[in-house]
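Please open the structure in a viewer and keep the selection tool at hand.

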Amino acid sequence: MDLKPRTVGSAIVGIVVLGGLLWFAFRTEPVAVDLVEVVQGPMEVTVNADGRTRIREVFDISAPIAGTARRSPVEVGDEVIAGETVVAVVEPIAPSLLDTRSRVQAEAAVHEAEAALRLAESQVRQAEEELAYAQSQYDRIKTLVERGVSSLTQLEDASKILSIRVATREAAQSSVAMARSSLERARAALIEPGAGTDPGGEACCVTLRAPITGRVLSVANVSEHTVTPGSPLVSIGQPDNLEIVADLLSADAVRLPANARAAVERWGGPEALRAELMRIEPSAVTKVSALGIEEQRVDAIFSLLSPPEERPGLGDQFAVFLRIVVWEADDVVQVPLSALFRHGGEWAVFVAEGDTARLADVEVGQRNARTAQILAGVEAGQSVITHPSDQITDGVPITLREEM
């Protein structure tokens, strides 16, 4: 049967249309993806922590005696000069009032001490008379010995007696001194509160001066108040001499290298400050996190390297944020963490080869919060897929996601 050309053309068109429909129905749609280029350059691994500043050396001045601390002569923020500026004045505790019995006993003690003093003074006079007689006897016998009338034995006896009388006089004089001290002590018990003192002067008080040149950091109590030995009065320090204390997990602290450098951020200035690790405290403490988890935390002390002119306004106990460098290198092949995933127990990425995704196993080295070091598997200049979905498999066609 002969077919007309028109019929043949219609059949061909139908076959082409049907084939196109089948291809469209069963073809694999390209998956829209985000691509990032593998780069090679400097990389840092940091431990991030909150910290606070503190003055390196703070001098706390305390009351040396019990008494009354007068109103503070300095205020917080005042400049002080070592050995010159008076920072506190403490008046010794006043004697208490005596009741009738205590007063009678004290007065009796005074009379007893006065009698003892008179007795000691009479003993001194007696000792002086005996010494004068012994001296005259010694001089007379010595003259007789020189004339040959008296013997040397008599002169030695007179010399010994003279020495004894000298010692007796010295003992009597010491007894007088002791009696006078006892009398003063007995009279002191009768002193009334406020008697014999000058409220406007400093002769009665202990004056404390600044041990260093710096600024007053705190005053325990500005008003006049009672103090005991060791009561805090004033704290003094040098605000420019700052260090930083960072509260770290013990697991992070052991990773820090010696003299680790750190960037100090969120301190209030436009530029990050420089700091260096000085030491890590030898003992950690248990703290409970905001989630209720017990953690072992330890303080790391950092020296602030930026000069004072680069950190105006930064003072004691200010909050800061530290980025502490644990590891760094200048020439590192790296990819974003969002491109990595686990495949067969190893790390892998999807590399874009033209319009096709290819699975590539990679060896990962150091990692920070954004990127990971790639030791093998991909090279700089290749493009990898970030946040690969379940639709991405080896060999699947891909297309670059259009930006919204």
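**First stop: an enclosed cavity**

By class, 9 nonpolar, 3 polar and 1 charged residues make up the lining of the largest cavity. The model on display is a predicted one. A search of the whole structure returns 1 cavity of 30 Å³ or more, and the volume of the largest cavity is about 80 Å³. To find this cavity, select R70, S72, A88, N221 and L233, which are the closest to its centre among the 13 residues that line it. Next, colour β6 (86–92) and β10 (232–237), the elements that each give two or more residues to this lining. The largest share, 3 residues, comes from β6.

Select residues 100–147, which form helix α2. This helix has 48 residues and reaches 71 Å from its first C-alpha to its last, close to the 70 Å expected at 1.5 Å a residue. Which residues of α2 are buried? They are A106, V110, A113, L117, A120, V124, A127, L131, A134, I141 and V145. Just after α2, stop at G148, which takes a positive phi of about 85°.

The largest pocket has a volume of about 320 Å³. Select P42, M43, E44, T46, N48, R323, Q334, N368, A369, R370 and T371 to display its lining. Two elements to colour here are β2 (39–55) and β16 (319–336), as each gives two or more residues to that lining. With 5 residues, β2 gives the most. By class, the pocket lining has 3 nonpolar, 5 polar and 3 charged residues.

In soluble globular proteins, nonpolar side chains tend to be buried together. For the largest nonpolar core, select L248, V264, F302, L304, L322 and I324, which touch the most other members among its 25 residues. At least two residues of this core are supplied by each of β2, β11 (242–249), β12 (261–265), β13 (273–280), β15 (294–304) and β16.

Centre the view on L322. Which residues does L322 contact, leaving aside its neighbours within four places in sequence? They are V47, N48, A49, I244, A246, A262, A263, V264 and F302.

Key: Residues are numbered from 1 along each chain as its sequence is written. Side-chain values use heavy atoms; hydrogens and water are left out. On a 1 Å grid over the protein atoms alone, a cavity is a set of points where a 1.4 Å probe fits but cannot get out, and a pocket is an open set with protein on both sides within 12 Å along at least five of seven lines; lining residues have an atom within 4 Å of a point. Grid points are joined across faces, edges and corners, and a volume is the space filled by probe spheres set on the points. Helices (H or I, at least four residues) and strands (E, at least two) are DSSP runs, numbered from the N terminus. Ala, Val, Leu, Ile, Met, Phe, Trp, Tyr, Cys and Pro count as nonpolar, Asp, Glu, Lys and Arg as charged, and the others, Gly among them, as polar. The expected span of a helix is 1.5 Å times one less than its number of residues. Buried means under 20% relative accessible area, exposed over 50%, partly exposed in between (1.4 Å probe, protein chains only). A nonpolar core is a set of buried Ala, Val, Leu, Ile, Met, Phe, Trp, Tyr and Cys residues joined through side-chain atoms within 4.5 Å. Contact means heavy atoms within 4.5 Å.
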